[in-house]
Each structure stands twice: as structure tokens, then as C-alpha cells.
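Reader: I would like to learn how to read the features of a model like this one, taking them one at a time. Could you begin with a backbone feature and then go on to the interior?

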Amino acid sequence: MIGILGGTFDPIHHAHLRTALEVAEHFGISDMRLIPGKQPPHRPQPIARPEQRLAMLQAAIASEPRLQADDRELRRDGHSYSFDTLQTFRAEVGNERPLLFTLGFDAFLHFERWHRWDEILALAHLVVVHRPRYSLPPNGWYEPFLSTNPDDLRATPAGRIYLLSVTALDISATHLRMLLKQGKSPRYLLPDSVLDYIQRHQLYCE
């Protein structure tokens, strides 16, 4: 079983990391991939260069062996579409190994706008992370795919949607960049190793 969490990670912070770790622990995943996107199709382009975002990610997870930095989207030209990324995983691991693609609740509510969204469930399960007491509206397209049993996802390679409540950490990369631009410290909102890298390379200060 492979877990997957994508993002711009501009910069990586504790909310990203805690979510990845809680998904890994909930499903017993020893290989949780964090994948920085090169060109996100539905949001502004990252400020830090790809190699800088990858370096910050690697620094952040250096002491947690279950979390792995995966640079496949940075090595690919064009927009970073999740469908394309999942296809590369299937080409590597075959059609039988479960893939758990993690996304946030807000992103899932707009899932039907994603590139080839209706084909993604043929490639992976969806783990929709949310804060406590969040719930999906009834009678959605997703209802036939919903599961409340983690074993369903372990036993099949793709096709399930699982809602997972995670620790609510109200941290955003946008807010961190604003603090840095204002000359304020974002310490304790992101790993010290990431903050040290940002300060050494003078990122987000303009």
C-alpha cells in the first residue's frame, strides 16, 4: 500500500506533515509519498523554485522514515495533474497494489472540476481528510464509493472513498509567506529545519 499527498509545499508546514503522518498511521502505511507539484493547474504558481521546495520537504521529513519525498511531478513538464501522476504509479507498481490518494475536504467538494476526475477512482482510492464534524452533502455522485472500513482499502487497489478526521491545524503557506514578508517569525508553525533553510536562502522576504 502506498499513500500519496500532493501540494505545492511553498513552504511545507506542520499541517501538511501531521496530515501525512495521521493517514500513514490510520492505514498502517510505511510508504507515504509527499509530492510537490511543479505547475498546479488551479492555483497561482509557487514562489520558491522546484528544487527549493523539494529541499525544504526533504529537510522536514528527514527524521520520519514513513514519509518520503517524491519528485516525479517536478521532473515532468506541463501542469501537475493528479491523473497523470497516478498513472505513473500504476506503471511502476502494477494494478494490484492499493494506492491511497489523499486530498482535503475543500478540494474534494470541487473534485468534478479536476482533469479526468471520473477516471481517477480507477487508479486509486481517495482519502478525504477533514476536520471533526465535517460531513458531505447527501445524494452526491460519490455515495456508491464511500467506505467506513479501512480494510476495504487495504483489500482492493482502487475505487473507494474514505473520510478521515485529522487534527485541525489552522496553518497555511500563504500566511507563513506573509509573516516572512513582514519580517515576522513563523517559528513553531513549520519545522525548524525548514525555517533555517528559508532564512539561509532568504526566501519569501520580498
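Author: Let us start with Gln202, which counts as exposed because its relative accessible area is 61%, and exposed means over 50%. Please keep in mind throughout that this is a predicted model. Gln202 sits in the segment after α8, and its phi is near 55°, a positive value in a residue other than glycine.

Reader: Is Met56 buried or exposed, and which residues does it touch?

Author: Buried means under 20% relative accessible area, and Met56, in helix α2, is therefore buried, since its value is 0%. Leaving out residues up to four places away in sequence, Met56 touches Pro11, Ile12, Ala48, Val194, Tyr197, Ile198, Leu203 and Tyr204.

Reader: How many residues make up the largest nonpolar core, and which have the most contacts inside it?

Author: The largest nonpolar core has 35 residues, and Ile12, Met32, Leu34 and Met56 are those with the most contacts inside it. Two or more residues come from each of α1 (14-27), β2 (32-36), α2 (50-60), β5 (125-130), β7 (161-165), α7 (173-181) and α8 (192-201), with α1 giving the most, 6 residues. A second, separate core of 22 residues includes Phe101, Phe105, Ile120 and Leu123.

Reader: How much space lies in the largest pocket, and which residues are closest to its centre?

Author: The largest pocket holds about 1,600 Å³ of space. It is lined by 48 residues, of which Gly6, Arg43, Leu103, Gly104 and Ala107 are the closest to the centre. By class, the lining divides into 21 nonpolar, 19 polar and 8 charged residues.

Reader: What does UniProt list for residues 4-149?

Author: In an unreviewed entry, UniProt lists residues 4-149 as "domain: Cytidyltransferase-like". In the model, that span is 32% helix and 18% strand, and its end C-alpha atoms lie 19 Å apart.

Definitions and conventions. Residues numbered from 1 in each chain as written. Predicted model: local features only at pLDDT ≥ 70, side-chain atom pairs only at ≥ 80, totals over all residues. Heavy atoms only, no water. Core = buried A, V, L, I, M, F, W, Y, C linked by side-chain atoms within 4.5 Å. Buried < 20%, exposed > 50% of the residue type's maximum accessible area, 1.4 Å probe, protein only. Helix = DSSP H or I, 4+ residues; strand = E, 2+ residues; numbered from the N terminus. 1 Å grid on protein atoms, 1.4 Å probe; cavity = no way out; pocket = protein on both sides within 12 Å on 5 of 7 lines; lining within 4 Å. Points joined across faces, edges and corners; volume = space filled by probe spheres on them. Nonpolar A, V, L, I, M, F, W, Y, C, P; charged D, E, K, R; others polar. UniProt positions renumbered as here; feature names shortened; annotations may be inferred. Contact = heavy atoms within 4.5 Å.
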